[in-house]
Amino acid sequence: MDIKQSKILIIDYGSQYTQLIARRVRELDVYCEIYAWDASAKDIRAYNPSGVILSGGPESVHLPDAPPLNTDILDLKVPILGICYGMQLLNVHFGGQVEASDFKEFGYAAVELMDASQLMAQVSGHQIDVWMSHGDQIKTLAPGFKVVAKTNTTDVAAFEHPEKQLFGLQFHPEVEHTDGGRDMLSQFVHGICGCEKLWKTDNIIATHVDNIRAQVGQDHVLLGLSGGVDSSVVAALLHEAIGEQLVCVFVDTGLLRFQEGDQVMKTMADKMDINVIRVNAQEQFFNALAGVNDPEQKRKVIGEQFIRIFEREAKQLNDIKWLAQGTIYPDVIESAASSTGKAHVIKSHHNVGGLPADLALDLIEPLRDLFKDEVRKLGVSLGLPPEMVYRHPFPGPGLGVRILGEVKPQYAEILARADHIFIEELRRHDLYDKTSQAFAVFLPIKSVGVVGDQRRYEYVIALRAVETIDFMTARWAHLPYDFIDLVSRRIINEIDSVSRVVYDISSKPPATIEWE
Ligand code: XMP
């Protein structure tokens with residue numbers, strides 16, 4: 001079975017929601033890929049989609065430098081759905097006009113559904129709340145199109161051209177706040193484009209397992225296991241596909257979460273029966289970090305040590321032909337966008353575990369076509385514990401970026417314990433899944449405290465918890481006072497060398513999530 005047989009092409013015009021559109025299509029069990037707006041005719045033809053979705057974008061179609069409609073998609077003769085900017089492009093291309101609107105609409109709008117609409121066939125009700133985000137609107141409609149929805153301020157909130165199978169929505173069906181948005185996308189993808197529901201977790205696993213087996217044959221594959229979601233799922237998937245041919249190297253840097261080294265071994269080696277070599281390199285990392293204060297320098301040292309150790313281990317193994325990596329689809333999209341300069345916002349990290357240059361191994365990246373939510377579902381299906389798979393993100397350099405200034409073993413130990421108390425209480429109070437990321441930070445300054453009649457000078461722990469969708473912007477989590485109080489008491493009572501706990505109330509921007 002080819003689970004990518006029926007598929008959708010998403011053309012990206014720079015909307016912050018483009019990846020969300022793709023995730024929604026995948027949630028409808030249909031494969032899709034995102035191409036830049038100037039993708040070549042050859043690539044588009046080769047991809048051969050059953051339908052095309054044009055994303056929104058930050059530009060105005062009437063400005064001279066605005067990205068134009070990629071007309072190669074019209075040659076495919078498949079249904080096209082334009083969202084926001086994408087809708088306006090269709091209108092202009094087919095002879096309509098778009099103008100800057102007097103009413104810029106951002107946020108909720110009540111939409112009135114008018115004529116019988118093919119796209120809205122599954123949507124119930126005549127009036128729905130939708131999510132709008134536009135400054136331009138359609139002034140005159142291109143010939144042959146009919147209006148199927150409007151708002152108080154926008155005469156054309158949705159249009160269709162039944163013969164040409166072209167559809168346009170001024171609002172965002174991919175955003176959760178849009179009533180019936182999922183139904184519209186489902187109608188487009190399944191009803192109008194006729195895509196079959198083949199992109200399901202079990203099928204994805206079966207196909208990926210087949211592909212991995214075909215790719216590596218009898219060869220051995222090396223994987224750097226970090227304890228994070230992506231590398232754990234790569235391990236589980238490769239183990240399913242090639243069993244003993246997989247060798248994982250897990251480097252304990254001493255900068256991991258509380259008892260994480262033991263947990264990784266317990267889950268991956270003992271429970272999942274995966275071949276894992278644990279390298280206890282704590283001392284090597286702490287030695288290399290001694291006297292290093294500068295945050296960028298610390299990251300560099302950690303990255304270099306990691307590669308050095310990983311290479312040393314790899315060289316001791318015989319018969320390895322492949323190096324596996326946990327690259328996922330958003331990484332692929334973002335690195336393509338940054339190499340062509342088309343990305344509006346690019347998240348860049350220096351990750352621990354970059355590719356060792358002189359290992360001379362072929363690269364295998366089995367998660368390259370998957371979004372994070374798909375990776376997680378795969379992980380659970382493959383037997384990884386849900387609490388591991390749904391963990392908050394943890395930076396590659398680990399506690400190295402959460403200990404301010406020089407990293408010392410004592411600091412790492414204090415921090416890991418404080419962090420563990422915080423996380424344990426978050427889980428206990430059902431708050432863990434309500435925050436996107438939460439952790440403790442170690443401040444290497446001493447402040448006064450009183451224990452009994454004694455004044456003592458001990459370290460400060462800062463607690464950080466944020467709510468965010470994309471980690472590009474974040475709001476500090478408004479955790480209940482009683483809860484923060486409890487965590488603070490536990491940390492100060494249980495860890496002698498901490499005399500003060502503070503809570504970080506800065507949002508991003510301007511503050512970042514990590515303290516560095
Ligand atoms: P900032 O601090 O930039 O963090 O607001 C945004 C998100 O990225 C994570 N982060 C990293 N992840 N390697 C990673 O894998 C890194 O070097 C790194 N630095 C920050 C951070 O934890 C947050 O989720």
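## Basis of the description

Helices (H or I, at least four residues) and strands (E, at least two) are DSSP runs, numbered from the N terminus. The structure is a predicted model, in which local features need pLDDT of at least 70 and side-chain atom pairs count only at pLDDT 80 or more, while totals for chains, interfaces and linings use all residues. Residues are numbered from 1 along each chain as its sequence is written, and side-chain values use heavy atoms, with hydrogens and water left out.

## Overall architecture

The protein contains 14 helices and 18 strands, and its C-alpha trace extends over about 80 × 60 × 40 Å along the principal axes.

Of the 516 residues, 54% are buried, where buried means under 20% relative accessible area, exposed over 50%, and partly exposed in between (1.4 Å probe, protein chains only). Among contacts (heavy atoms within 4.5 Å) between residues at least 6 apart in sequence, 75% join residues at least 24 apart.

## Packing of H5 against H6

Two packed helices are described by the angle between their axes and the distance between the axes. Helix H5 (residues 201-216) packs on helix H6 (residues 229-242) at an angle of about 65°, and their axes lie 9 Å apart; axes are lines fitted to C-alpha atoms, for helices over the stretch in contact, and angles run from 0 to 180 degrees between N-to-C directions. H5 and H6 are therefore roughly perpendicular to each other, in a scheme where angles under 35 degrees count as roughly parallel, over 145 as roughly antiparallel, 65 to 115 as roughly perpendicular and the rest as oblique.

The crossing of H5 over H6 is right-handed, a crossing being left-handed if the near helix is turned anticlockwise from the far one by less than a right angle, and right-handed if clockwise. On the H5 side the contact involves Ile205, His208, Val209, Ile212, Arg213 and Val216, which meet Leu237, Leu238, Glu240, Ala241 and Ile242 of H6. The residues of this contact comprise eight nonpolar, one polar and two charged, with Ala, Val, Leu, Ile, Met, Phe, Trp, Tyr, Cys and Pro counted as nonpolar, Asp, Glu, Lys and Arg as charged, and the others, Gly among them, as polar.

## Packing of H6 against H11

H6 also packs with helix H11 (residues 372-381), at an angle of about 45° and with the axes 9 Å apart, which makes H6 oblique to H11. The contact is formed by Val229, Asp230, Val233 and Leu237 of H6 together with Lys372, Val375, Arg376, Leu378 and Gly379 of H11, and its residues divide into five nonpolar, one polar and three charged. H6 passes H11 in a left-handed crossing.

## Backbone features

In the segment after strand E18 (498-503), where Pro509 is found, a cis peptide bond joins Lys508 and Pro509, with omega about -15°. The peptide bond from Pro509 to Pro510 is cis as well, with omega near 5°, and Pro510 is likewise found in the segment after E18.

Lys77, although not a glycine, has a positive phi of about 55°; Lys77 lies in the loop between strand E3 (51-54) and strand E4 (80-83) and, at 72% relative accessibility, counts as exposed. Asp319, also not a glycine, has a positive phi of about 65°, lies in the loop between helix H9 (295-316) and strand E13 (320-324), and counts as exposed at 61% relative accessibility.
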